[in-house]
Structure formats: C-alpha cells, structure tokens
Amino acid sequence: MRIDGVPFAKRTDFSFFPGKNIEMERHLYQERHVAVLGYARANGLNEVIREGADDTVGIITAGKSATDVAQALHDLGVDEPALGRAGVRVLRMGLVYPVDEELLRRFATGLDRVIVVEEKRDFLERHVKAALQPLGRPIEVVGKTDGAGRPLFPVAGGMDADLIATQLARLLEAEFARAGIAARAARHTEQLELIARREHAVSAGRTPNFCSGCPHSASTVLAEGQVAWGSPGCNCFNTVIEQPKRHIDVMTQYGGEGLPWIGLARYTDREHMVQHIGDGAIYHSSYLNIRWAVAAGVNITFKLLYNGVVANTGAQNPVGSRGWPSSPGDLSRGRRGDRDRDQGAQPVPGRAARAGGADQAGRPAGGDRRRAGRGTGTTVMIYDESCANERRRLQRRGKAGDPSGTCW
Ligand SMILES: Cc1ncc(C[n+]2csc(CCOP(=O)(O)OP(=O)(O)O)c2C)c(N)n1
Ligand code: SF4
C-alpha cells in the first residue's frame, strides 16, 4: 500500500521523548491507520450483509452482537428476501477502530434511520453519528437509547438474541408489516414474553463463605475498632461474606497491598490500618511494600496468611518463592533483618514458635491480634496454616495424611 505515493512501512521507535514521539504520533494516525483501513478494505473485514436501492433502515453491528443479530432475525422469521421487502440494510463491522467512515457514509446513503447493535457502551454508535454528519441530511441513529431517549440496547451486562429480537421487532414494526412478516415476528416476541414471565422454583439461599476449614476464617477476623483493606487472594471473599468482624473497606491491586496507606496515613485521624496479604503476593512483589511501610514509618499491620500456595487462582506454587525465603520461618527472619536495618517492622510472636523459626506466628491468640492493631510502626503477623482446599486435594490423591489422623 502507498501513502502519499510512498510504500507504507511500519516504524517502531521506543525512544518516545518529545520530538520523536510527535513524529510517531503522526506516523500512527496518518500512515498506520490509513494502512489498517487499506488492509480492512482489501480483505473485506467490514461486510455489507444485505443492501438494496430502496432501503430506508440500516442495522450496523459488530462482534458477538453480529451473530446475535443474525440469530434474532432468523428467530423472527426474517430471511434475506424479507429484509429486502422490509427495506432493511445490514452491515457487519469486523474492524471497529479505526472506523471506515467512508464505508459508513456509503452504507447510510438513502437511509432514514440507522440502528446500531453493539455490546456494552456506545463505541460504534458515536463513530457512526460522527461519520454521518457530513452527509448533511438528518439520519436518525439509535442504539443505546431510542429516538425518545429511552433505554434500548443495554450498556450494562450482556445481550442475547432474544433481547435483540424483542427490540428489533419493536423498532422495525412498520417495516415488518410492509414485508408481510409482522404476525410471524409478533408470535416470536409473545413467546419470549411468556418465557420471561415463567416462574422458576427458588433454590435455597446460601450465604457465601470460605471453603470449610479455610485458615482465612480465623486469620482475617479483626479486633474491635480495626479497619482492614483486602487484596487479590482468598481474603477478598470477605467483601462478599460481609460480616462486620471481617469487613474489608477497600481492595488494593495485587502488588499494591498497604501502599495507599503510606500516602494516606498522615491525612487522617485513623492511627492504624490492617492490610490482608497472601504469601503469593509477597513473592510476586509485595515484599517491597512492607519495606516501604517500614521506611515511611506508618502504623500498619500486614496480616499475612502463609497458606503455601497461590490459592485463589488454583493453588499454584508461588513462582517467585524459588531462591527466596520459602517457609514462614525464613520469611519472618527476613522481616527481622528489615527491622534491624530499618528499626521498623515488629515481628509478633504467636502461640506456636517453630524450631528454627524466628518470631513466627502460628494461630494468633486474641491478645496478639489486638496488640498488632495498637502497636506503632509496621507489624507483620504471619498466620501459618495451609489452604484447606489444597489439603483436601492432596488427601484425595493420597499425597497427604488421613484427615482423621494427625495432620501435617
Ligand atoms: C498483577 C496481578 N497478577 C495476577 C493476579 C491474579 N491473582 C488474583 S488472586 C491471585 C493469587 C493470590 O494468591 P496469594 O497472595 O497467595 O493469596 P491466597 O489466595 O493464597 O490467599 C492472583 C495471582 C492479579 N489479580 N493481579
Ligand atoms: S481455596 Fe484455600 S485459601 Fe482459598 S478460600 Fe478455599 S481454603 Fe481458603
């Protein structure tokens, strides 16, 4: 493909500082996008499924919605000859950005109305409206709302062929009548309405909770007055369990545990924050968060559940643990080193000190839990108990001891 008479060549330049990045910007919009559109046209990515000279309405759709529209029209009994009689054009966009404005204008020429059917927000619809502007004649474009501003194709959740069939039947009532298929379409939408009104037996409700035997059930319990933040990992189930004693106020991203508190602490009257964290997160990157909290001198308790696996995503081994402290004891000794260096983190002794383990917390007594909340500086409470779900998996495979016997 040639652009301004010069063969197109894709360029990459990662020295994106002022000057060079402006040239890359020009290259992107004035050359790459042109080349992408050229590729789309040459390979028929955007496809006019049906058109005729006397059409008055167009349907523009893309992605999953294109399949749903095809199914909806089929279910309504609208085949290609019926579309012709109804005067309905159909365009399936295989490339939604950069949008082929020329194609949209060509497609909409002669139409009075365009219906845009797409999932989620009005991405394509806005482009269609902008593209049709230069035509200089009013073409009504509906999509997320109808002409009167009422909701049409939803922004939230998803759509299926039934929902689309119901809305298309409403929008194209007059066209379907002209094509002699109104009765068939109406029968289908009546059926859909009847199905929607069907009553289903309500299954017994069950409040969500951790897997039975999960160490999080105990490790995430808060002392009176404590406020906790969660993070990706099984501790986040507290957000749906919603019990006051385990309430999580907000969630950080994985790798962000405790960091907002480092910025926020000095601007609030709250003196202390609890941050739940997993061993997977520690090995992923969050180890540095503890060091930063220590260096920043904030009052925070990291409640670290050392369950031995990356439980929330299926009990993988924490990848980063290779060559790292690979037991709660090692981890605790590492934190003690940080403390000695930074005079900050205070490992809290739990009930069960293991041979060779330094200041290691087993199941913490209530007193330890409360103490961790009140202390100044950065505290790490290591809760050492394996993931119950993984333990059961290993037991089923004969790789762990009988649950009725003495467990590991
Ligand atoms: C940056 C990033 N990578 C990966 C994930 C996916 N993820 C969600 S939870 C999770 C595992 C958490 O494991 P761990 O910290 O050990 O907590 P556990 O579930 O074992 O309590 C991962 C990897 C993510 N949310 N963010
Ligand atoms: S998978 Fe493991 S850590 Fe996660 S809720 Fe279940 S028992 Fe707890």
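**Close-up views of the predicted model**

View 1. Around ligand 2 stand Phe210, Cys211, Cys214, His216, Cys234, Asn307, Ala311, Cys387, Ala388 and Asn389, where a residue is near if one of its heavy atoms lies within 4 Å. This shell holds seven nonpolar, three polar and no charged residues (nonpolar: Ala, Val, Leu, Ile, Met, Phe, Trp, Tyr, Cys and Pro; charged: Asp, Glu, Lys and Arg; polar: the others, Gly among them). This is a predicted model, in which local features need pLDDT of at least 70, side-chain atom pairs count only at pLDDT 80 or more, and totals for chains, interfaces and linings use all residues. Residues are numbered from 1 along each chain as its sequence is written, chains are lettered from A and ligands numbered from 1 in the order in which they are written, and side-chain values use heavy atoms, without hydrogens and water.

**View 2. Aromatic pair of tyrosine 97 and phenylalanine 123.** Four aromatic pairs are found in the whole structure (ring centres of Phe, Tyr or Trp, the last by its six-membered ring, within 6.5 Å; planes under 30 degrees apart stacked, over 60 edge-to-face, the rest tilted). The rings of tyrosine 97 and phenylalanine 123 are edge-to-face, because their centres are 6.4 Å apart and their planes at 65°. Tyrosine 97, at 43% relative accessibility, is partly exposed, and phenylalanine 123, at 28%, is partly exposed (buried: under 20% relative accessible area; exposed: over 50%; partly exposed: in between; 1.4 Å probe, protein chains only).

**View 3. Aromatic pair of tyrosine 283 and tyrosine 306.** This edge-to-face pair has 6.4 Å centre to centre and 90° between the planes. Both tyrosine 283 and tyrosine 306 are buried.
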